[in-house]
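Have the sequence and the 3D view at hand as you read.

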Amino acid sequence: MIANRKPEMPASLVSEVEALMKKSGEARRAGRGRASLEFSEEAWSLIPDPKTEWNFYPQTISRGVVETVKEREACDVLDLWLDRMYQTHFDPEHIDPYTNMVAGHALFRCGRREDAVAAFKRVLKYGGPGHFSGEYRPYLDLAEKG
């Protein structure tokens with residue numbers, strides 16, 4: 001097993017980011033999607049640049065917003081958060097099946113079927129049909145047939 005080589009953020013910063021992440025989750029669960037998004041944006045802004053160099057938090061925040069973009073009433077900022085997710089997961093070429101599945105699911109839920117199908121086709125191309133399991137199973141038809 002290869003150890004993580006990214007540095008941890010300073011403990012004082014971690015506690016601030018985690019407090020905002022907690023507030024974001026609470027707001028989302030309470031049906032206050034935009035407030036949830038604002039807390040996530042604030043947490044994101046606290047992470048020092050370049051954000052791709054830090055362990056855990058940039059990946060968790062960006063993926064979390066993308067995964068729950070519909071509940072956060074944030075489809076209007078999905079592209080910004082998709083870019084953040086692809087960057088922090090070191091997938092600027094958009095070839096990783098995992099990031100593409102998360103992206104495709106969010107795009108589909110936001111009504112962007114054509115973009116979602118493109119993401120699902122990349123999952124199929126680079127990862128194969130085995131990546132379409134559980135709640136993602138219906139997307140295999142979209143990847144195969146468009």
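In this predicted model, the largest nonpolar core holds 37 residues, and the members that touch the most others are Met9, Val66, Leu78, Leu82, Phe120 and Phe132.

Setting aside residues up to four places away in sequence, Leu78 touches Val66, Val69, Ala106, Leu107, Cys110 and Arg112.

Now turn to the aromatic rings. The model contains 6 aromatic pairs. One of them joins Phe108 and Tyr139, whose ring centres are 5.4 Å apart with 65 degrees between the planes, an edge-to-face arrangement. This pair connects distant parts of the chain, with Phe108 in helix α5 and Tyr139 in helix α7, 31 residues apart. Are these two residues buried or exposed? Phe108 counts as partly exposed because its relative accessibility is 34%, between the cut-offs of 20% and 50%. Tyr139 has a relative accessible area of 7%, under the 20% cut-off, so this residue is buried.

A second pair is formed by Phe120 and Phe132: their planes meet at 65 degrees and their centres lie 6.4 Å apart, so this pair is edge-to-face. Phe120 sits in helix α6, while Phe132 lies in the loop between α6 and α7, 12 residues apart, and here too distant parts of the chain are linked. If you display the rings of Phe108, Phe120, Phe132, Tyr136 and Tyr139 together, you will be looking at one aromatic cluster.

An aromatic ring can also face a charge. The charged end of Arg84 sits over the ring of Trp81, 4.4 Å from the ring centre.

Finally, look at the start of the chain. Arg5 is found in the segment before α1 (11–29). Its relative accessible area is 70%, which is over the 50% cut-off, so Arg5 is exposed. From Arg5 to Arg34, 29 residues apart along the chain, the C-alpha atoms are separated by 34 Å.

Definitions and conventions:
Residues are numbered from 1 along each chain as its sequence is written. This is a predicted model: local features need pLDDT of at least 70, side-chain atom pairs count only at pLDDT 80 or more; totals for chains, interfaces and linings use all residues. Side-chain values use heavy atoms; hydrogens and water are left out. Helices (H or I, at least four residues) and strands (E, at least two) are DSSP runs, numbered from the N terminus. Buried means under 20% relative accessible area, exposed over 50%, partly exposed in between (1.4 Å probe, protein chains only). A nonpolar core is a set of buried Ala, Val, Leu, Ile, Met, Phe, Trp, Tyr and Cys residues joined through side-chain atoms within 4.5 Å. Contact means heavy atoms within 4.5 Å. Rings of Phe, Tyr and Trp (its six-membered ring) pair if their centres lie within 6.5 Å; planes under 30 degrees apart count as stacked, over 60 as edge-to-face and the rest as tilted. A charge sits over a ring if NZ of Lys or CZ of Arg is within 6 Å of the ring centre and within 35 degrees of the ring normal.
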